[in-house]
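Hi,

Here is the structure I promised to pass on. Have a look at it first, and then read on for what turned up.

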Amino acid sequence: MQTYIEVGSQKSWRLAASLLLTGLLTGACRGCLLLALTSATTSPLSAQSNARQGDSNAAVQTQMQNVRYHFTESATVYIKSLSGELLPTEGSEFPVFDNKDSFRVRIGYAEIDIAAPDLASVFNSYVFARDNSPLKGVSMSIENGHLKIKGKLHDVGTIPFETESTLSPTDDGKILLRTGEVKALHVPVKGIMNLFGVEIADLIKNGRIPGVEARGDDLVLDPSLVFPAPHMEGRVTGIRIEGNAIVLTFGDKSRMTKMRPAGNYMSFRGNRLRFGKLTMTDVDMILIDMDPTDPFDFFLDHYKDQIAAGYSKISSNSALRIYAKDFNKLKKSRTAAKGAK
């Protein structure tokens, strides 16, 4: 059953909560609690906000801790900690979980790791995904503290190449790949622009490859464009290598709001946010990992499945706590259930 609930009083809120807790949301989602909570003084949804589209007045405050966040099924980043806000994009009134293009994440402070293979997956599936892309088959690894990139130049006879770069933040908060050794067909060449040739170099210089630009013979990555939606906006202030991962620091730690003491979670507070067919006003919602022994594996494309596999609680002050199953354990659960039958 698809239900939209708008509560205008504490009494009706309690009735709605009771109905929701008995499963009157969607017949396909056992334990899936997607709520619309409104305070007693809230007017109907169409008249609740005079915030301009894309305005920070509609921002939803967010905190994340110990989260393995999926951009795609194969490309993830590890969010050790993040403090920021969800902002509606132009044309959207508020963030909608079912539409990743409806909001962006503006980071105040964060520490985010991305493994070299995951960054390569983002390049292959997003940055250089179109059919006529000049680069194909990109792979990345960390060797001796350097980022090693291999791939094929599609526009010049599919020539294999490899480069070795160091990483550092730029003055304007982006990621600088300072190119050292460059090879094509295992033969050293002068520099990366010489490797790419005039046509490909012009594509990069003219900004026709999202999130990638050339500065001299070096490349600069803009995290707000390199990664798929919902896009992350923030100033990169530090970069270091740990094992086979790149650790990015965004913003100033002094801007970080007080985090919950422990646990793996994603919290959202203030303004409006929609998930499923329901809208929450004056948001107070936390998605909590059911298994705190490892990072909260979260994939926005499948958040309903993760919520359906868990359970939820509502406090007397309309706060919502959803205990969700890790995305990477959903398939294991289904396989085990089939085996039991």
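Let's begin with Ser267, which sits in strand β14. Is it buried or exposed? Ser267 has a relative accessible area of 9%, and because anything under 20% counts as buried, Ser267 is buried. Leaving aside residues up to four places away in sequence, Ser267 touches Gln61, Thr62, Gln63, Met285 and Ile286.

Before you go further, please keep in mind that this is a predicted model. The average pLDDT over the protein chain is 79, and 72% of the residues score at least 70. Among the elements, strand β18 (residues 296-299) has the highest mean pLDDT, at 98, while helix α1 (residues 10-21) has the lowest, at 36. Across residues 1-54 the pLDDT is below 50, although this stretch has 106 contacts in the model beyond near neighbours in sequence. Where pLDDT is low, the predicted coordinates should not be read in detail.

As for the overall picture, the protein chain has six helices and 20 strands. It has 341 residues, of which 51% count as buried. If you take the contacts with a separation of 6 or more, 60% of them are between residues 24 or more positions apart.

Next, the aromatic rings. How many aromatic pairs does a search of the whole structure find? The search finds 11. One of them is Phe97 with Phe103, a tilted pair with 6.4 Å centre to centre and 35° between the planes. Phe97 is at 5% relative accessibility and so counts as buried, and Phe103, with a relative accessible area of 4%, is buried too. Phe97 also pairs with Tyr303, this time edge-to-face, with 5.5 Å centre to centre and 85° between the planes. That pair links distant parts of the chain: Phe97 is in the loop between β2 (76-88) and β3 (103-115), Tyr303 is in helix α5 (residues 303-308), and the two are 206 residues apart. Both Phe97 and Tyr303 are buried. Elsewhere, ring pairs link Tyr69, Phe71, Phe227, Phe296 and Phe298 into a cluster.

Finally, another serine to look up is Ser139, in strand β4 (residues 135-143). Buried or partly exposed? Ser139 has a relative accessible area of 35%, so it is partly exposed. Not counting residues up to four places away in sequence, Ser139 touches Ala120, Lys148, Ile149 and Lys150. Asp118 is 21 residues from Ser139 in sequence, and the two are 9.2 Å apart in space, C-alpha to C-alpha.

Over to you now.

Best wishes

Notes
Residues numbered from 1 in each chain as written. Predicted model: local features only at pLDDT ≥ 70, side-chain atom pairs only at ≥ 80, totals over all residues. Heavy atoms only, no water. Phe/Tyr/Trp six-rings, centres within 6.5 Å; stacked < 30°, edge-to-face > 60°. Buried < 20%, exposed > 50% of the residue type's maximum accessible area, 1.4 Å probe, protein only. Helix = DSSP H or I, 4+ residues; strand = E, 2+ residues; numbered from the N terminus. pLDDT = per-residue confidence, 0-100. Contact = heavy atoms within 4.5 Å.
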